[in-house]
Amino acid sequence: TPAGCRMRTLAWLGIASLCLGAAWAVPAKEERRKPKADLALYENLDLDNYDPTLDNYGEILDLSNYEELYDYGDLAPKIEVGTLAPRPKDPAALPNLGVTAETPKLQPLTTASPGRPAPIPAQGECRPLALPSCRLCLCIGTSVYCDDADLEHIPLLPPETTYLYARFNRIGTIRASDFTGLKKLKRIDLTSNFISWADADAFRLLPSLQELILPENRLTALPELPHSIVRLDARLNRIPSTGLRPEAFRDLKQLQFLHLSDNQLDYIPVPLPESLRSLHLQNNNIQTMHENTFCDSQDHSQIRRELEDIRLDGNPINLSLFPNAYFCLPRLPTGRFF
């Protein structure tokens, strides 16, 4: 009968659905068990004795210059990421941020009137603002940070700038006008640029400059330095001995660190000031020296206690041929003695 046919059809459909349900249920059950089996593998690991080794780490990464490349020693106290610069003493200089539900973002500030559009600074330009900020450079207090900003020249700096970091850019030339009027500038760090020329007066007229950091550039000559300089680092350039002015360091009475390694020097630049503590000239082409290079051969009572770090390794000079050149030093230079 039709009713019997419908009953049989429904029965077959029920059986088929049960079979399909069982077929789908088996993989799901196995899938649920699989993570437990994977977790069992980790139960056998001895994590208490897990001690990663750094024996081969130094072969892959050279961290010898890390402290120099990332030395932000001018910041005291430490400014953490995500914090703003200190509030100015004058409340009228604070920006009117209004009431908003979102966290206000730090924006370049100007002193323009409300009905007048603010002037747009040039690329990389910093302005002496109440709350220091820049477009491509970050200004915090009197420090300006322009690292890896794709700059091709020194940006316009606030007159109160004390520390400038413009590393890893494409700066090719340093002009005397780049630092005009910056009487408080103490440190300039231009590591890893394309600098091939610096005007003779680019740094000489900076009365407070203590540290000039120029490694990994293309310099073939050093400009005149101010008498206030304490540290000169011009490693990894292309400076020959003819690129140094005669007696370039004689009058630098405060110079303590002179690092000219990995250049093309033919001789040790003398005379060296008595204040010098560290002289790095490794990996040049120095083949000889005079007996008065470090010590006064006429004064055997002389002692240069400060000059205790001299690097001459990587040069073709045989240091054992000049024994009278070291009698006033606290320790022998590092280099080849055979």
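Predicted model: local features only at pLDDT ≥ 70, side-chain atom pairs only at ≥ 80, totals over all residues.

Student: How much of the chain is buried?
Tutor: Of the 338 residues, 36% are buried. The accessible surface is about 21600 Å², with 55% of that belonging to carbon and sulfur atoms.

Student: OK, rings now. How many aromatic pairs are there?
Tutor: The count is 3 aromatic pairs. One of them is Y145 with Y165, which is stacked, at 5.2 Å centre to centre with 5° between the planes.

Student: Why does that pair tie together separate parts?
Tutor: Because Y145 lies in strand β2 and Y165 in strand β3, the pair joins parts that are 20 residues apart in sequence. Both Y145 and Y165 are buried.

Student: And why is the F179 and F203 pair called tilted?
Tutor: Their planes are at 35°, so the pair counts as tilted, with the ring centres 5.8 Å apart. F179 is in the loop between β4 and β5, and F203 in the loop between β6 and β7, 24 residues apart. F179 and F203 are each buried too.

Student: Switching topic: which ring does the charged end of R218 sit over?
Tutor: That's F194, with the charged end 4.5 Å from the ring centre. R336 also lies over a ring face, that of F338, at 5.5 Å from the centre.

Conventions: Residues numbered from 1 in each chain as written. Heavy atoms only, no water. Buried < 20%, exposed > 50% of the residue type's maximum accessible area, 1.4 Å probe, protein only. Areas by Shrake-Rupley, 256 points an atom, 1.4 Å probe, with all protein chains shown as cover. Phe/Tyr/Trp six-rings, centres within 6.5 Å; stacked < 30°, edge-to-face > 60°. Helix = DSSP H or I, 4+ residues; strand = E, 2+ residues; numbered from the N terminus. Lys NZ or Arg CZ within 6 Å of the ring centre and 35° of its normal.
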